[in-house]
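This report describes selected features of one protein model. Please consult the sequence and the structure shown below while reading.

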Amino acid sequence: MIEINLLPPEMRKVDRTSLKRLLCMVTVVVLVSASLLAVALSFKRYRAEGARKVSLQSEVARLEPLAREYDVLSAEIQQIQMRLQTIAEIRATRLRWGRKLDQLYAILPDYVWFSRIDLRQARGRSPLASGPTATLTLECYVAGADEKKYSEFRRILTGEVVADGAYTGEDFFSEFQSLGYSGWSREDFPATEEGVALKFDLELPLKPMAAPAPVSTPARPVVATQ
C-alpha cells in the first residue's frame with residue numbers, strides 16, 4: 001500500500017541516518033584510508049630498498065676484485081713471513097752454535113779434552129716447542145785420576161767456578177736446561193804424563209727457543225653478495 005504524506009514540507013518529519021550505520025561508514029572510511037596509507041608507505045619503502053639493493057650490488061661488484069686481490073696479496077705475505085721466520089731461526093741457530101763453541105773453548109781447562117761432540121735433535125719436535133728440542137752430548141776426558149778435577153770441570157761449565165777468558169761458564173750454560181750427571185770410568189793413557197784419565201759423558205739439553213712475536217694481519221674486508 002502506498003502512503004502519501006500530504007503535510008506541508010515544514011511540518012514533515014525528517015528521517016535521520018541511524019548511529020549504527022554512521023559508525024560503520026566512518027569505520028569503513030578509516031580502514032580504507034589506513035590501507036591506502038599503508039600501501040603508499042610500503043611502496044615507498046619498497047622503492048627505497050630496491051634502490052639500496054642496486055647500490056649495494058654495484059658496491060659489491062666494485063669491491064669483489066679488490067677483495068680477491070687482497071686475498072692473493074695476503075697469502076703471498078704469509079708465505080714470505082714463514083720464509084723469513086725459517087731463515088731467522090736457521091740463522092739464529094747457526095750463530096748460537098758458533099758462539100757456543102767459542103765460549104766452550106774459552107772456558108775449557110787444560111786438563112780436559114773431548115773425543116766426541118754430538119748434537120741429537122729431538123724427533124718430530126719444532127724448534128719453538130715447549131720441551132728440549134736437542135741435546136748436546138760431550139764425550140770428555142780428564143787427565144789423571146783426580147775426581148776433584150771432574151767435579152771442578154762441571155762447576156766451570158755451569159759458572160760456579162769462573163775461569164780466565166773472554167767468556168764464563170754462565171755465558172756457555174745460559175742456553176741449556178741442565179747438566180746431566182753421568183758416571184766416569186778410568187782408562188789408561190800411557191802416552192800422557194799422568195798415564196791415566198777419567199772418561200765420562202755430559203748431556204746438555206737445550207732450552208726451547210723463544211717464539212717470535214706473532215705478526216698481526218689486517219682483517220679481510222667483508223664483501224657479501226646481497
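Contact here means heavy atoms within 4.5 Å. The model is predicted.

## Surroundings of Gln103

Gln103 is part of helix α1, which covers residues 19-107. Not counting residues up to four places away in sequence, Gln103 touches Tyr167, Asp171 and Phe172. The side chain of Gln103 also forms a polar contact, at 2.8 Å, with the side chain of Lys100.

Gln103 has a relative accessibility of 4%. Because buried means under 20% relative accessible area, Gln103 counts as buried.

An open sheet is built from 4 strands in the order β1-β2-β4-β3, with antiparallel pairing. Its edge strands, β1 (112-121) and β3 (184-188), each pair on one side only. From one strand to the next, the twist averages 20°.

Strand β2 (residues 134-143) pairs with β1 in the antiparallel sense over 9 bridges. Asp118 has Thr137, in β2, as its bridge partner. Helix α2, residues 147-158, lies across β1, β2, β3 and β4 (196-205).

## Cysteines

The structure holds 0 disulfides.

Technical notes: Residues numbered from 1 in each chain as written. Predicted model: local features only at pLDDT ≥ 70, side-chain atom pairs only at ≥ 80, totals over all residues. Heavy atoms only, no water. Disulfide = S-S within 2.5 Å. Helix = DSSP H or I, 4+ residues; strand = E, 2+ residues; numbered from the N terminus. Buried < 20%, exposed > 50% of the residue type's maximum accessible area, 1.4 Å probe, protein only. Polar contact = N/O pair within 3.5 Å; in protein donor to acceptor, adjacent residues only side chain to side chain. Pairing = 2+ DSSP bridges. Axes fitted to C-alpha atoms, helices over the stretch in contact; angles between N-to-C directions.
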